There are 2 protein chains.
Amino acid sequence: MIGVVAKLTIQADKESEFEQVGKDLMAKVKANEPGCLTYQLYKSKKDANVYIFMEQYASEEAFKAHGQSDYFKAAGPAIGACLAGAPEIQYFDIVE
Amino acid sequence: MIGVVAKLTIQADKESEFEQVGKDLMAKVKANEPGCLTYQLYKSKKDANVYIFMEQYASEEAFKAHGQSDYFKAAGPAIGACLAGAPEIQYFDIVE
């Protein structure tokens with residue numbers, strides 16, 4: 001199992017736009033990716049403009065399939081237009 | 001729903017000891033906390049000594065119950081003995 005935490009800092013006036021893109025993306029992942037066990041957008045309690053996607057994948061294949069999906073690729077520019085800085089993406093292996 | 005990402009940097013010779021404490025803690029959370037929807041230890045793919053607990057709680061009450069449990073309190077010193085630095089704990093609200 002693979003874990004991902006993707007931290008995104010969003011421009012102050014783009015929060016609503018970004019959250020809508022995130023919600024659409026979550027819906028598409030849930031509808032299309034049985035190997036994606038968690039794909040949840042969260043907003044920091046401390047820093048108003050900081051968000052994470054918390055993600056868990058059943059396998060390396062499931063993780064790759066996510067990155068290659070049309071809807072993920074399409075969300076890239078829409079999210080990019082809302083960013084205030086470079087995303088910080090961390091990848092993890094499960095401990096079990 | 002509340003999300004938590006707790007980042008822990010572990011001493012190089014304490015990884016095995018820490019992972020065992022983490023596994024025991026995960027088992028106890030799963031057995032006792034229906035309001036804790038995710039409680040998973042992950043190891044960074046990039047930094048060998050960096051771990052996270054990826055956590056999701058159904059409610060503020062479930063999150064508080066976790067922190068007040070005897071097994072969580074007991075795990076504190078055992079984890080603390082393995083740390084190479086201060087934990088970095090981030091708290092989030094769900095976007096849905």
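A residue is called buried when its relative accessible area is under 20%, exposed when over 50%, and partly exposed in between (1.4 Å probe, protein chains only). The model is predicted, so local features need pLDDT of at least 70 and side-chain atom pairs count only at pLDDT 80 or more, while totals for chains, interfaces and linings use all residues. Side-chain values use heavy atoms, without hydrogens and water.

Glu33(A) lies in a loop of chain A, between helix H1 (15–32) and strand S2 (36–44). Helices (H or I, at least four residues) and strands (E, at least two) are DSSP runs, numbered from the N terminus. Glu33(A) is buried but has no salt bridge. Such a bridge needs a side-chain nitrogen of Lys or Arg within 4 Å of a carboxyl oxygen of Asp or Glu. The nearest side chain of opposite charge belongs to Lys28(A), 11 Å away. Here Lys and Arg count as positive, Asp and Glu as negative, and His and the chain ends are not counted.

Glu33(A) touches Tyr57(A), Ala62(A), His66(A), Ser69(A) and Tyr71(A), leaving aside residues up to four places away in sequence. Contact means heavy atoms within 4.5 Å.

The whole structure has 0 disulfides over all chains. A disulfide is a pair of cysteine sulfur atoms within 2.5 Å. The sulfur of Cys36(A) is too far for a bond, because the closest cysteine sulfur, in Cys36(B), is 18 Å away. Cys36(A) counts as buried, at 12% relative accessibility. Cys82(B) also counts as buried, at 0%.

How values were computed
Residues are numbered from 1 along each chain as its sequence is written. Chains are lettered from A and ligands numbered from 1 in the order in which they are written.
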